[in-house]
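Subject: Structure for you to look at

Hello,

Here is the structure I promised. Please open it first, then read my notes below.

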Amino acid sequence: MTTAEATTTKTVLSDPGVLVPGPGYDVPGLDVRYRDAFNQTLRDELNHDPDVFIMGEDISGGFDRDTLEPLDAWGGPFAATKGLVQDFGPERIRDAPISEAGFVGAAVGAALTGLRPVVDLMYFDFVTVAYDQLLSNAAKSRYMFGGQTKVPMTLFARSGGGTGHAAQHSESFYSMLAHIPGLKVVVPSDPYTVRGLLAAAIRDDDPVFLVNDKKLINMTGFCPEESFTIPLGKGRYLRHGDDITLIGMSYTSVVCKQAADQLAEEGINAEVVDMLSLSPFDEDIIIESVMKTNRVVIVDEDTPRASMASEFAAVIADKAFDYLDAPVKRVTGPHTPVPYNKGLETAFMPQPEDVVGTVRTMLGV
Amino acid sequence: MRISREKLRWLYETMYRIRRFEETMLEQTFRGNAMGVTHPSDGQEAVPTGICAHLTEKDWIGSTHRGHGHCIAKGLDTKAMMAEIMGRYTGQCKGKGGSMHIADFSKGMLGANAIVGASVPLAVGAALTAKYRGNEDQSIGVSFFGDGATSQGVVHESMNLAAIWKLPVIFACENNQYAEATPAWYAVSTDDISARADSYGIPGVQVDGMDVFAVYEAAGQAVERARAGDGPTLLELKTYRYHGHFHADDPKKYRKPDEEEEYAERDCLQNFEKVVIQQQAMTADQLQEIRDEIEQEMQEAVEFALNSPMPPMEELYSDVYVEYSNPLVGLR
C-alpha cells in the first residue's frame with residue numbers, strides 16, 4: 001500500500017456487518033484508496049506467478065522515442081498500473097494499441113496456450129468492441145472443445161456514471177456479461193473486496209471479468225496488508241437488520257449502506273447485502289435475508305430490462321415467494337443511455353433517497 | 001527445392017487423406033449420420049498440407065469452419081474426427097463441438113472456429129506465449145482464414161499486433177474466391193490480398209494454392225522467418241473449393257462451369273502425381289499403395305464413428321467452467 005499511515009489492526013470477520021469470508025481475525029491493515037489496493041494486488045499477483053502478465057491500452061503510458069523506455073505517463077487508466085512497468089518490464093506490462101477485439105483475442109490465445117493474461121479494457125463500455133472474442137472464444141472454448149482446455153484470463157474495466165463521462169463511457173451492463181455461460185463476473189465494492197476478488201480472479205482457471213465502478217476508485221477503506229482471496233460467488237452482509245433487505249452490487253452497495261443509515265434514523269432497521277459476485281452469485285445469502293426480513297429492494301445502476309436486478313427478483317420469486325410480505329422492488333437506472341448533464345446524470349443513477357423513498361412506500365410509513 | 005522422399009510421401013498421403021475424408025464425410029452427412037452442417041474443403045488440400053509440413057506438435061494453428069484439412073494436416077486422428085462430426089463421445093470434443101469446432105490441444109490445434117476471422121487473434125496469442133517464454137522451443141503460430149475473413153476488423157487488428165510485437169506467426173489466407181456465395185472480386189477491395197501486408201510492414205506473398213510444391217516452398221520461408229524471430233508473414237494462397245459452402249449448397253448456382261473445369265484441371269493431387277512420376281521420385285505403385293491405405297483408414301473411421309457411443313446426458317453440464325458454485329440448470 002502506498003499510504004504513509006501506520007499499520008492498524010482490524011478485526012475483519014467480527015466487525016459489525018463485515019461478514020465476508022476473508023483473511024481471518026485481527027489482521028493487520030491500513031486505510032487505503034481503492035486504486036492503491038487494486039494496484040497492490042496486481043503487483044502481488046505478478047510476483048506470485050511468472051505466467052501472469054497485463055495487457056491493455058496505455059497501461060505503460062507511452063515510450064521515449066530515443067531510448068524506447070516506457071514512460072508510465074498516466075500510470076495506466078485511473079492509475080491502475082502505476083509503477084508496474086518500471087518493476088516488471090514491457091513484456092509483462094504490455095501496452096496494446098486501441099484494438100480491443102485484437103488484444104482480447106490475443107489474450108484468449110495466450111491463455112489457451114498456458115499464460116494467465118490480465119486485460120485492462122479501460123472503460124466498461126469497450127466490452128462490446130471485444131464482445132465476440134469474449135463470448136465466442138473466451139467463454140466457449142472449454143465447452144465446445146469438450147473440456148480439453150481452460151481459459152485462465154482476467155479482464156477489468158471501469159463502469160458507472162457520476163463522472164460526466166456521458167453515454168459511451170458510463171455503462172454498467174453487468175447482465176450482458178453475467179448472461180454468458182463460461183464467464184464469471186465480480187463486482188467489488190471497496191478496497192478490501194477488490195483486493196480479495198482481484199487476487200481470486202487472477203488465480204481462477206476460468207475467464208473472470210472484474211468491474212470497477214469509477215465512483216469507488218478514489219474511495220478509502222480498510223484493507224489487510226497481506227494478500228488474500230475472497231471466494232467467487234459469495235456475497236456478504238454490510239449491515240444486519242430485520243425490517244427490509246437492500247441488495248446492492250458494486251457502488252450500489254455503498255448506496256444501500258447510505259440508505260440504511262438514513263432509514264436507521266427513522267427507526268427502520270434495514271439489512272444490506274453486498275453481492276460481490278454476479279456470476280456465480282450467492283443465492284443463499286439473498287434467500288436467507290429475505291426469509292428474515294420478508295421485504296426486499298434490489299439496487300442496480302444498470303438499466304432495468306434483463307438486468308441483474310431482474311435476475312435476483314426472479315430467484316426471490318422462485319425460492320422465497322412464501323416469505324414475501326410485499327412485492328419485490330427494483331431501484332435501477334431508467335431504460336435510457338447515461339446522460340451527460342450533471343442533473344440528468346444524477347437522476348439516472350440510483351440515489352440513497354430513491355432507496356429510502358421506495359422503502360417508505362413499501363412499509364407504508 | 002529439394003524435398004525428402006519421406007516428406008514427399010507425407011505430402012501425398014496428407015492431401016489424399018484430406019480429399020477422401022471430405023468425400024467420405026459428405027457421404028455420411030447425406031446419409032444423415034452427421035448431426036449438423038459440414039463444410040468440405042476438398043480442392044484446397046495443398047494449402048494446409050504444404051504449410052503444416054513445416055510444423056511440429058509444439059506449433060499452434062488456428063482454423064476455420066472449413067477446418068477438416070487443417071486438422072488432418074496437423075496430425076489429428078481421423079477416427080476421432082469422424083466421430084466428432086457424428087456427435088459421438090469418442091470425438092476429440094466428446095461430440096460437443098462438431099465439425100466446426102474440432103480441436104486437439106495435444107497436437108497444437110487451437111480449434112476450428114465458426115465465427116469468420118475470430119481465430120486469427122488466437123494464433124497471435126499463441127505466438128505471444130511463445131515470445132513470452134523467450135522462444136525457448138521456437139514454436140510458432142499459424143492462422144488459417146479465408147478471403148471472407150479479410151473483411152473482418154479483427155483480422156487487421158491481429159496483423160497489426162503481430163507486426164508491432166514482431167511475433168512468430170504466419171497469416172495463411174486461403175483465398176478460395178468465395179465467401180459463402182459472395183465472390184471475392186465483389187467483396188474484397190483488391191485482387192491481391194497479399195499486397196495488404198505492405199500496410200503492416202510485413203512480407204506478403206501470393207502463392208498458387210493448388211500447387212503443393214509452391215505452397216511448401218513459400219511456407220518454408222515464412223516458417224523460417226518466424227522461427228528466427230523476424231516476425232510475421234502474410235501468405236495468400238489462391239485455391240478453390242470443389243464443393244459448395246456447406247454440404248447442401250450447390251455452387252453451380254453462383255459459379256460458372258468453365259471456372260470449375262479450370263480448377264479441376266489444376267487439381268493438387270493430379271498435379272503432384274504427374275510431377276513425382278515424371279521426376280521418378282515416386283512410382284505409380286507407391287501412390288496406389290498410399291491410396292489403398294487411406295481407403296482402408298476411411299472405412300475404419302466411419303465404422304469407428306458409427307459404433308461409438310453418444311455422450312451421456314451429464315455432458316450437457318460439464319466443461320462450462322473449471323469450477324462454478326451455482327447450478328447450471330435454469331429455474332425450474
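A residue is called buried under 20% relative accessible area, exposed over 50% and partly exposed in between (1.4 Å probe, protein chains only). By that rule, Glu45(B) and Arg19(B) are both buried.

A word on the basis. This is a predicted model, in which local features need pLDDT of at least 70 and side-chain atom pairs count only at pLDDT 80 or more, while totals for chains, interfaces and linings use all residues. Side-chain values use heavy atoms, without hydrogens and water; residues are numbered from 1 along each chain as its sequence is written, and chains are lettered from A and ligands numbered from 1 in the order in which they are written.

**Salt bridges within the chains**

A salt bridge here is a side-chain nitrogen of Lys or Arg within 4 Å of a carboxyl oxygen of Asp or Glu. Over all chains there are 40.

Glu45(B) and Arg19(B) form one of them, with the closest N and O atoms 2.5 Å apart. Arg19(B) is in helix H1 of chain B, and Glu45(B) sits in the loop between helix H1 (5-30) and helix H2 (46-52). The two are 26 residues apart. Helices (H or I, at least four residues) and strands (E, at least two) are DSSP runs, numbered from the N terminus.

Asp319(B) bridges to Lys94(B), with 3.0 Å between the closest N and O atoms. This pair spans 225 residues. Asp319(B) belongs to the segment after helix H11 (284-306) of chain B, and Lys94(B) to the loop between helix H4 (78-85) and H5. Asp319(B) is buried at 12% relative accessibility. Lys94(B) is buried too, at 18%.

Chain B also has a network of salt bridges: Arg9(B), Glu13(B), Arg17(B), Glu293(B) and Glu297(B) are linked in it.

In chain A, look at Glu283(A) and Lys319(A), which meet in a salt bridge at 2.6 Å, N to O. Helix H9 of chain A holds Glu283(A), helix H10 holds Lys319(A), and the two are 36 residues apart. Glu283(A) is buried, with a relative accessible area of 15%. Lys319(A) is partly exposed at 39%.

**Where the chains meet**

Contact means heavy atoms within 4.5 Å. The buried area is about 3900 Å², with 59% from carbon and sulfur atoms. That area is the accessible area (1.4 Å probe) that two parts lose on being put together, summed over both.

Between the chains there is 1 salt bridge. Asp51(A) and Arg133(B) make it, at 2.8 Å between the closest N and O atoms. There are also 27 residue pairs in polar contact between chain B and chain A, both residues at pLDDT 80 or more.

Inside chain A, the side chains of Arg236(A) and Asp190(A) make one at 2.8 Å. Arg236(A) lies in strand S10 (residues 236-239) of chain A and is buried at 2% relative accessibility.

**Aromatic pairs**

Rings of Phe, Tyr and Trp (its six-membered ring) pair if their centres lie within 6.5 Å; planes under 30 degrees apart count as stacked, over 60 as edge-to-face and the rest as tilted. The structure has 18 such pairs over all chains. Phe124(A) and Tyr174(A) have ring centres 6.2 Å apart and planes at 40 degrees, so the pair is tilted. Phe124(A) is buried at 0%, and Tyr174(A) at 1%. Phe281(A) and Phe312(A) pair edge-to-face, at 4.8 Å centre to centre and 75 degrees between the planes. Both of these Phe residues, Phe281(A) and Phe312(A), are buried. Ring pairs also join Phe124(A), Phe173(A), Tyr174(A) and Phe209(A) into a cluster.

**One more residue**

Val185(A) is in strand S7 (residues 184-186) of chain A and is buried at 0% relative accessibility. Beyond four places in sequence, Val185(A) touches residues including Leu177(A), Phe209(A) and Leu278(A).

Best wishes

How values were computed: A polar contact is a pair of N or O atoms within 3.5 Å; within protein, one must be able to donate a hydrogen and the other to accept it, and residues adjacent in sequence count only if both atoms are side-chain atoms.
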